[in-house]
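I opened this structure for a first look. My notes follow in the order I looked things up.

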Amino acid sequence: MSVTKAIASPAKFLVQANALKDLSVHGKAYGNKAYLICDSFIVSRVQEKALPGFLNEQRAELAVFGGQCSDSEINKHVDAACDFDYIVGIGGGKTLDTAKATAHYLAKPVLILPTLASTDAPCTAISVIYNDDDTFNRYLFLAKNPDVVLADTQILAEEPPRFFAAGVGDGLATYFEARACFAAQRDNLILGNDSKMLKPTLIGFTIAQTCYETIRKYAAQAAYAVQNKVITAALENTIEATIYMSAVGAESGGCAAAHAIHNGMTLVHDLHGAQHGEKVIFGLFTQLVMEAAPMQEIEEIVDIAIAVGLPLTLEDLGLKTFNEEEWRQVAEVACDKNDTMHNMPFTVTPELVYDAIIATNAMLHAFKKEKQLS
Ligand SMILES: [Zn+2]
């Protein structure tokens, strides 16, 4: 039986200082009327920098994101945006997922301007839908990837270092999840015409590999740029990895245990303050323990995580007390048949995941002690 392989990516990806100022120029190809969904913190900057560019017949309406990428929030924007030509999302991952889902339901083009490089949200054709209580609801598969993704290096250089680090955490998992998926010849995250996922292409896997190489080479140096709100070559390279390669590599290469474990971890109340990428990297370490990966490989990732300031242990992520019953449920949810755990090249049970979580946390505590971190 023949298999169908595929790669998907945004139609355009730009890395540009002050891209926000040129928003109307980038949008013009998609019509005159833009509906902008923005995070509240960036509203005044959008008004000052982007809106003056909408001249003559061009028009822009600004809506403030309500805070959760939920069905109720998306429906609100679908109702408000139906007379506009294209949708623009400006903000963090949930804002962008909301903008993408709104454009999807209205079958309109979407332009994405991330203010954080912390998730894969800018470039993928997936919106992660949450319930209003912040628990995971479902993946919404969109008809296409965004039409334009504008990585404004000025804005991204100013993001809090914690979000930069979270993006590195998410980006670190991309290659290792794609590697598991590729070894097992399992599906990626691209939806085929028959509503089944497709297989990874060589180029999708290669992008995932380059994502890891780029982060390994440049992320530690880029952290100094973000800490000082300046743009350097290492930061530009890392942004390309954490925004574009991480997303396209994950979507076209496939996800595996790391993201499935992250999704299980959303159940734990103490971890609600942790970023997506902060939990994903714990999921990655757990995946590597499940695979009995070489210690050298694990230590290389630990060193990158420490260099960019990522939390390592469950306690660093905010866990106050370890409750066995709760973590058995995390392992159970991570093995949900609709999640990506089944992309691992061996059979995974909740018991195996639970045991790996325990061993991983102990291993990370030992690394911290060895590297004399408090
Ligand atoms: Zn992710």
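**Entry 1: a hairpin**

I started at the hairpin of β7 and β8, which has 5 residues between the strands, and found that D134 takes a positive phi near 75° there. I note that the model is predicted.

Next I looked at how the two strands pair. β7 and β8 (residues 136–141) run antiparallel and are joined by 5 bridges. I picked V128 and found its bridge partner in β8, which is Y139.

Is β7 enclosed or open? I counted 4 of the 5 residues of β7 (residues 126–130) as buried, so the strand is largely enclosed by the rest of the structure.

**Entry 2: the open sheet**

I then turned to an open sheet of 6 strands. Its order reads β2-β9-β6-β5-β3-β4, and the pairing is parallel. Which strands stand at the edges? They are β2 (12–16) and β4 (59–64). Each has a single partner strand, so one side of each is left without a neighbour in the sheet. On average, neighbouring strands of this sheet are turned by 20° against each other, direction ignored.

Strand β3 (residues 33–38) runs parallel to strand β5 (residues 86–91), with 5 bridges between them. C38 has I90 of β5 as its bridge partner. I90 also leads on to β6, where its bridge partner is L113. β5 and β6 run parallel too, joined by 5 bridges.

I stayed on β6. In a regular strand the side chains alternate between the two faces of the sheet. I checked both faces of β6 with that in mind. V110, I112 and P114 lie on one side, L111 and L113 on the other, and all are buried. With 5 of its 5 residues buried, β6 is therefore largely enclosed by the rest of the structure.

**Entry 3: a helix across the sheet**

What lies across β2, β6 (110–114) and β9 (148–152)? I found helix α8 (residues 233–253), running at about 150° to β2.

Is T238 buried or exposed? It is buried, with 29 other C-beta atoms within 10 Å; the cut-off for buried is 20 or more. I looked up its contacts, leaving out residues up to four places away in sequence. T238 touches T214, I215, Y218, A219 and A222. I also checked the C-alpha atoms of T238 and Y218: they are separated by 6.1 Å, though the residues are 20 apart along the chain.

**Entry 4: a covered helix**

My last stop was helix α9 (residues 257–265). How many of its residues are buried? The count is 9 of 9, and the helix is mostly covered. Among the buried residues of α9 are H259, H262 and N263. I asked what the buried residues of α9 pack against, and the list is β8, α6 (161–184), α10 (276–290), α12 (324–334) and α13 (350–370). That brings in β8, a strand of the hairpin in my opening entry.

I took α10 for a closer look. The axes of α9 and α10 come within 7 Å and cross at roughly 125°. That makes α9 oblique to α10. The crossing is right-handed. On the α9 side, A257, A258, H259, I261, H262 and M265 take part. They meet H276, K279, V280, G283, L284, T286, Q287 and M290 in α10. I sorted the residues of this contact of α9 with α10: 7 are nonpolar, 6 polar and 1 charged.

Technical notes:
Residues numbered from 1 in each chain as written. Predicted model: local features only at pLDDT ≥ 70, side-chain atom pairs only at ≥ 80, totals over all residues. Buried ≥ 20, exposed ≤ 12 C-beta atoms within 10 Å, placed from the backbone. Pairing = 2+ DSSP bridges. Contact = placed C-beta atoms within 7 Å. Axes fitted to C-alpha atoms, helices over the stretch in contact; angles between N-to-C directions. Parallel < 35°, antiparallel > 145°, perpendicular 65-115°, else oblique. Left-handed = near helix turned anticlockwise from the far one by under 90°. Nonpolar A, V, L, I, M, F, W, Y, C, P; charged D, E, K, R; others polar.
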